[in-house]
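Please read it alongside the sequence and the structure shown here.

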Number of protein chains: 2
Amino acid sequence: MPELPDRKTAFFEWFSAVLEQAGITDLRYPVKGLNVWPPYGFLARRLLDRALREAVEPLGYQEVSFPTLIPETELAKESEHIKGFESQVYWVTHGGTTPLDVRLCLRPTSETAMYPIFSLWIRSHRDLPLRVYQVVNVFRYETKTTRPLLRVREIHFFEGHTVQTDETAADRQVSDDLRSFARIAQEAALPYLLCRRPDWDKFPGAHYSIAFDVPFAEGRTLQVGTVHHYRDNFSRPYGISFELEDGSRAFAHQTTYGLSERLLGAILGGHGDDRGLVFPPPLAPVQVVVIPIPGKEGREGVEAYAGALVEELQRAGIRSKVDGGPDRPGAKFFTWEARGVPLRLEVGQREVSSGNLSWTDRLGGRGKVPRTDLVPGVSQALEQFHRRLHLRAQETFAAQLSVAQRMEELTPPGHVYLVGWCGKEDCGHRIEERVQGGLLGTLEGELPKVLEGRPPSPCVACGDARARWAAAGRPL
Amino acid sequence: MPELPDRKTAFFEWFSAVLEQAGITDLRYPVKGLNVWPPYGFLARRLLDRALREAVEPLGYQEVSFPTLIPETELAKESEHIKGFESQVYWVTHGGTTPLDVRLCLRPTSETAMYPIFSLWIRSHRDLPLRVYQVVNVFRYETKTTRPLLRVREIHFFEGHTVQTDETAADRQVSDDLRSFARIAQEAALPYLLCRRPDWDKFPGAHYSIAFDVPFAEGRTLQVGTVHHYRDNFSRPYGISFELEDGSRAFAHQTTYGLSERLLGAILGGHGDDRGLVFPPPLAPVQVVVIPIPGKEGREGVEAYAGALVEELQRAGIRSKVDGGPDRPGAKFFTWEARGVPLRLEVGQREVSSGNLSWTDRLGGRGKVPRTDLVPGVSQALEQFHRRLHLRAQETFAAQLSVAQRMEELTPPGHVYLVGWCGKEDCGHRIEERVQGGLLGTLEGELPKVLEGRPPSPCVACGDARARWAAAGRPL
């Protein structure tokens with residue numbers, strides 16, 4: 001295999017190369033930004049989708065599916081929303097050779113597909129809350145350079161939509177959604193900031209937007225998902241109202257929760273290294289690979305032994321695989337490391353005879369487990385690996401954060417700056433100019449360690465003492 | 001609830017009404033033929049998708065995902081294929097306000113999206129066979145009247161694609177695929193004919209096509225799926241070739257296997273009755289509903305008891321639900337019958353005291369099961385119900401088949417005619433004219449009971465004795 005580009009100095013080249021090498025994606029489709037998911041990549045996506053479903057279904061979300069095509073007339077009903085999207089949607093203009101009466105866009109997100117139907121589903125307070133989600137592909141006509149998983153034109157997307165009786169109920173839903181993301185991030189071993197976006201950068205049509213931001217590569221930050229509170233901004237134009245217990249009518253309040261394949265990009269781009277991908281065990285398509293090492297006694301004994309191990313692991317629900325192919329063991333180690341498999345067991349004659357198995361994890365950790373203790377031993381090794389991976393990611397994350405008290409400190413790029421901000425738009429724009437990027441917004445939820453116990457600094461731009469902690473960086 | 005249209009005299013009105021009433025689909029989306037899948041319908045679809053995955057993965061198929069958008073230049077590479085599809089695809093012509101250099105179509109099927117990439121994946125005989133599938137939505141600009149699940153413009157679709165070394169290997173794959181469908185049809189309690197389509201009706205680009213046809217409503221037949229053998233018709237224009245062991249090169253042979261949401265339409269349209277839907281248990285979103293019947297002792301006792309039953313059933317993997325809502329029991333019976341739930345348990349004070357539970361199945365069967373024997377008793381009732389449903393469907397199916405020896409017998413419409421056919425196109429077209437429909441093709445696999453042990457009749461059109469059994473009807 002060809003040598004990988006250097007992750008530090010050429011991140012995006014490295015990223016494309018490791019994704020292709022591991023079989024996560026194939027970038028050779030004849031339209032830029034439309035990528036192929038080969039079997040290994042698809043399995044990774046399927047596991048992440050499953051984790052999302054398991055995180056939101058306990059909150060009462062039910063899965064649905066709405067059409068891919070949205071008529072221009074519906075897209076246009078909420079004025080900010082259409083302004084935000086009309087320049088970046090794909091337009092279907094013809095069916096066969098017939099021009100369509102009303103143009104159809106490929107959904108960039110599904111508010112305008114769902115809400116006309118929600119207005120029919122919801123009659124009374126007894127129909128609320130409504131919580132639905134779909135896992136679909138959405139489309140954006142990207143004009144910037146496309147990047148696999150990070151900026152594509154057909155985007156694999158989780159979108160949750162809820163309808164609530166009032167603003168407070170919608171606020172509660174936002175909190176629930178944020179908590180459910182914490183569970184996903186834990187499985188993904190992924191640290192993140194919760195940033196309440198400034199008004200000029202919220203979702204088109206939203207009352208407020210809270211984003212999950214990750215300090216990423218080349219001094220960039222990566223937004224991997226968002227939760228939005230819409231108040232009644234959509235329910236009014238789309239007529240989503242209901243009868244209260246006292247017989248009066250009110251417009252509903254709405255929230256959404258969106259996560260895209262970027263989340264997988266953040267996981268793989270964040271944990272990967274010079275040897276390729278590193279999967280956190282809960283999301284690894286293969287958690288354990290068993291490599292038979294044939295010795296002078298031949299291959300059959302070790303292969304049968306390896307097969308029995310994998311069978312036992314699989315019965316216990318551990319995704320595992322024996323690599324019985326013709327390559328030399330060294331080449332197999334290389335391949336499965338590149339694919340990010342958390343744990344490798346090597347089975348040679350010595351292991352067969354001693355009944356003592358050696359494992360190596362993807363971060364270079366090593367250990368032994370008695371054959372008789374296979375499942376608990378391997379489970380424990382996977383858990384340890386998961387913890388170490390998370391810890392390493394937290395350290396990398398912390399090193400990218402920089403607390404700044406003065407405007408002069410907002411340089412060089414390559415950091416996410418934590419600053420006091422008074423909330424004024426003018427100060428926000430001055431900060432953005434200074435970091436040559438964006439004000440990600442005020443921090444919500446648990447603060448990063450470096451800020452724990454520290455009262456907010458005065459506004460870094462104007463010195464106003466009534467400031468809150470905010471983050472600023474260069475979004476990808 | 002409003003009374004349902006009559007299934008016998010107004011099938012399609014009945015069908016739309018029962019699907020909407022049960023929450024399988026919502027037809028009120030503002031574009032005709034693009035339907036919404038509410039939670040209950042989505043769950044039915046998810047279960048059927050799971051059954052498909054479980055049927056094909058043991059054959060070595062791996063799941064993948066290819067782009068929704070196909071450039072016109074790729075669609076056009078195989079000449080028959082483009083002729084078959086160009087008049088019925090949706091065309092994307094603009095990204096934002098920018099006209100695209102090359103128009104993109106929404107995939108009507110994915111041969112032309114996948115095969116350029118297959119040509120890169122396949123180098124050597126060691127890469128073969130390749131077996132992949134995807135479960136995606138495809139798009140057809142339908143100009144005929146749309147029907148929910150049966151003829152829509154955005155179609156939920158399973159498509160399997162394989163690449164084989166030669167024609168024989170591809171034939172074997174076709175046989176495997178046909179067998180995997182038998183398993184799905186068994187779960188769906190669905191009888192069907194295997195028809196090898198006449199040449200003038202095969203898939204555009206195929207060497208041969210075998211369809212799964214079901215005699216359906218209003219004298220129509222319904223094609224619920226197909227398996228195609230492409231020979232090297234696609235591998236040549238798309239350059240899918242490989243190196244053999246002796247170092248020479250050959251073009252691959254290919255097959256595909258397609259099933260659409262029509263399959264769910266056939267299941268629900270075929271089994272449903274005047275009271276609504278009837279789900280076969282393996283595909284039922286809710287297999288057992290438990291209805292508490294409050295008596296003079298109040299509701300709490302029976303509700304707690306019902307809750308405990310459902311918990312035990314769910315632990316055993318039986319999809320079940322207690323309906324603790326405010327409606328009267330009769331209204332609940334009505335609702336869950338309409339939704340097609342196979343089995344209902346009623347829990348009143350008598351059941352609680354006696355520890356003896358009564359069940360009613362969706363076909364009106366009744367029985368008792370001791371509380372202590374809940375899971376095996378309910379499982380057995382579900383299995384019995386499944387067998388009876390299948391038997392009933394087979395009888396209805398058999399009654400729609402009619403063996404005809406002379407052209408004059410190919411009337412009235414309302415039947416699927418089984419005839420001898422010599423294979424000549426001219427005779428085929430005469431049969432088609434006579435039935436005012438299509439020659440579905442020669443029968444493959446196991447023959448319907450009525451033909452068992454009968455040698456084929458001479459050709460019904462020309463009397464040639466060298467004929468095979470064929471079916472003719474009026475495809476929807």
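**Overall build of chain A**

Chain A has 13 helices and 21 strands. Its radius of gyration is 25 Å, close to the 23 Å that the globule rule gives for 476 residues, so chain A is as compact as a globular protein of that length. The model is predicted, and the points below should be read with that in mind.

**Dimensions, burial and contacts**

- Taken along the principal axes, the box filled by the C-alpha atoms of chain A is roughly 80 × 60 × 50 Å.
- Among the 476 residues of chain A, 50% count as buried.

**Strand E15 of chain A**

- Strand E15, which covers residues 343–347 of chain A, is largely enclosed by the rest of the structure, because five of its five residues are buried.
- Leu343(A), Leu345(A) and Val347(A) point one way from E15(A), whereas Arg344(A) and Glu346(A) point the other way, and the residues of both groups are all buried.

**Pairing partners of E15(A)**

- Strand E13 of chain A, residues 288–292, runs parallel to E15(A) and is joined to it by five bridges; within this pairing, Glu346(A) of E15(A) has Ile291(A) standing opposite.
- Strand E16 of chain A, residues 356–361, pairs with E15(A) in the antiparallel sense over four bridges, and Trp359(A) in E16(A) is the bridge partner of Leu345(A).

Definitions and conventions:
Residues numbered from 1 in each chain as written. Chains lettered and ligands numbered in written order. Predicted model: local features only at pLDDT ≥ 70, side-chain atom pairs only at ≥ 80, totals over all residues. Buried ≥ 20, exposed ≤ 12 C-beta atoms within 10 Å, placed from the backbone. Helix = DSSP H or I, 4+ residues; strand = E, 2+ residues; numbered from the N terminus. Pairing = 2+ DSSP bridges. Rg over C-alpha atoms; globule rule 2.2 N^0.38 Å.
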